Amino acid sequence: MVTQYVAAFGDPMEGNPTSKMQNAAFEHTGLDWRYLDFTIPAADLEAGMAAARVIGLSGMNFTIPHKVAVIPLLDGLEPSAEISGACNTVVRQPDGRLIGSNTDGTGFVWALRDEGIDPAGLDVVLLGAGGAARAVAVELALAGASRVTIANRTPSKRDELVALLGAKTPVSATSLPWEGILAVPPCDVLVDCTPVGMGTGQAALEVVPVNLAALAPSTVVCDLNPERAHTAFLERARERGHKTIGGLPMLARQGAAGFKAWTGVDAPLDVMVAALGG
Ligand code: NAP
């Protein structure tokens, strides 16, 4: 059996921790697989996909700016990518077809469950309506959440996501305007799906402009920021007595879902979490 390759396409790729995590998992499980990063500008995605087919990559990941653009270049989609309209993972089938899925939402719901939180019947508020919010909202809806509220500055993006959830999932979806400081309505789970607080220095201290006063102490507060376990937003929530969940557990689990889909082998989650510094 020759070495199998999985590749990540994105731009920029600097600082992306996924290859470290996946290569640690391949090594730990003794699989002769390698994970490679490629900086592929948006304009070169089509050529990149043609190369991926010629090389015979066994699997792929897509990050900014390719998650939506890659969809027409694939041979089929799992429901997670079909409903959300975004793909972060591709598996090459034995017949060579490239099938896309989205493991971002899977990773989030898996991280919730590992904290003893079953999304079924829960009322969830998402801050943001970008790619990550879409994936998380769809997977929460498919996992039986009773209500998902999308708060976003740009009305068209939140309305589009609410319409998509209403048309393709059984969840009750609501659009919440966000101007100035958002008064977050009472909910079971609040998720920051914006990039606010990403980066280093002053940027890392930034917190989304929200007022948490209406939340009961039992509300679980999450931040998708995968760069660090303790973000300024989560720190603020902890000071109010909320249980918090950061983006690292989600990142590890979306990777573990990809590992299993590519190799058929259960992912060594502890090894992957450790490789991320979690
Ligand atoms: P995206 O597609 O660019 O969407 C960003 C969203 O955040 C948009 O809805 C945008 O609102 C909103 N936003 C940006 N700045 C804001 C601000 N200052 N105030 C309020 N809203 C703001 O980004 P994405 O791909 O969804 O990624 C979002 C975050 O999720 C990033 O931090 C990313 O690293 C993280 N993520 C984590 C994982 C993981 O595994 N942990 C996986 C995927 C993504 P407008 O529409 O109004 O511009």
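Biologist: Where is proline 65 found?

Modeller: Proline 65 is found in the loop between strand β3, residues 59–62, and strand β4, residues 76–77, where strands (DSSP runs of E with at least two residues) and helices (DSSP runs of H or I with at least four residues) are numbered from the N terminus. Residue numbers start from 1 along each chain as its sequence is written, and side-chain values use heavy atoms, with hydrogens and water left out. The model is a predicted one, in which local features need pLDDT of at least 70 and side-chain atom pairs count only at pLDDT 80 or more, while totals for chains, interfaces and linings use all residues.

Biologist: What makes the peptide bond from isoleucine 64 to proline 65 stand out?

Modeller: Most peptide bonds are trans. The bond from isoleucine 64 to proline 65, however, is cis, with omega near 10 degrees. The bond from aspartate 11 to proline 12 is likewise cis, with omega near 10 degrees, and proline 12 has its place in the loop between β1 (4–10) and α1 (18–29).

Biologist: How many helices and strands does the protein have, and why is it called as compact as a globular protein of that length?

Modeller: The secondary structure comes to 9 helices and 14 strands. The radius of gyration, which is taken over C-alpha atoms, is set against the globule rule of 2.2 Å times the number of residues to the power 0.38. For 278 residues that rule gives 19 Å, and the protein has 18 Å, which is close, so the protein is as compact as a globular protein of that length. Taken along the principal axes, the C-alpha atoms fill a box of roughly 60 × 35 × 35 Å.

Biologist: Why is valine 91 called buried?

Modeller: Buried means under 20% relative accessible area, exposed means over 50%, and partly exposed is what lies in between, with a 1.4 Å probe and protein chains only. Valine 91 has a relative accessible area of 14%, and therefore counts as buried. Its place is in strand β5, residues 89–92. Over the whole protein, buried residues make up 49% of the 278 residues.

Biologist: How do you know which residues valine 91 touches?

Modeller: Contact means heavy atoms within 4.5 Å. Not counting residues up to four places away in sequence, valine 91 touches Ser58, Arg97, Leu98, Ile99, Ala261 and Trp262. Tryptophan 262 is 171 residues from valine 91 along the chain, yet their C-alpha atoms are separated by 5.7 Å. Among contacts in the protein between residues at least 6 apart in sequence, 67% join residues at least 24 apart.

Biologist: What makes a set of residues a nonpolar core, and which residues have the most contacts inside the largest one?

Modeller: A nonpolar core is a set of buried Ala, Val, Leu, Ile, Met, Phe, Trp, Tyr and Cys residues joined through side-chain atoms within 4.5 Å. The largest has 32 residues, and those with the most contacts inside it are Phe108, Leu126, Leu140, Ile150, Leu165 and Val191. Several elements each supply at least two of its residues, among them α4 (103–114), β7 (123–127) and β8 (147–152), while α5 gives the most, with 6 residues. Leaving aside neighbours within four places in sequence, phenylalanine 108 is in contact with Val136, Leu140, Val191, Cys222, Leu224 and Met250. Apart from this core lies another, of 19 residues, including Met13 and Ala252.

Biologist: Why does leucine 269 count as buried?

Modeller: Leucine 269 has 16% relative accessibility, and so it counts as buried. This residue lies in helix α9, residues 269–275, and touches Trp110, Asp114, Ala252, Arg253 and Ala256, with residues up to four places away in sequence not counted.

Biologist: Why do valine 171 and alanine 145 count as buried?

Modeller: Valine 171 has 8% relative accessibility and therefore counts as buried, and alanine 145, with a relative accessible area of 6%, is buried as well. Valine 171 is found in the loop between α6 and β9 (172–177), whereas alanine 145 lies in the loop between α5 and β8. With neighbours within four places in sequence left aside, the contacts of valine 171 include Ala141, Ala145 and Leu165, and those of alanine 145 include Pro119, Leu140 and Val171.
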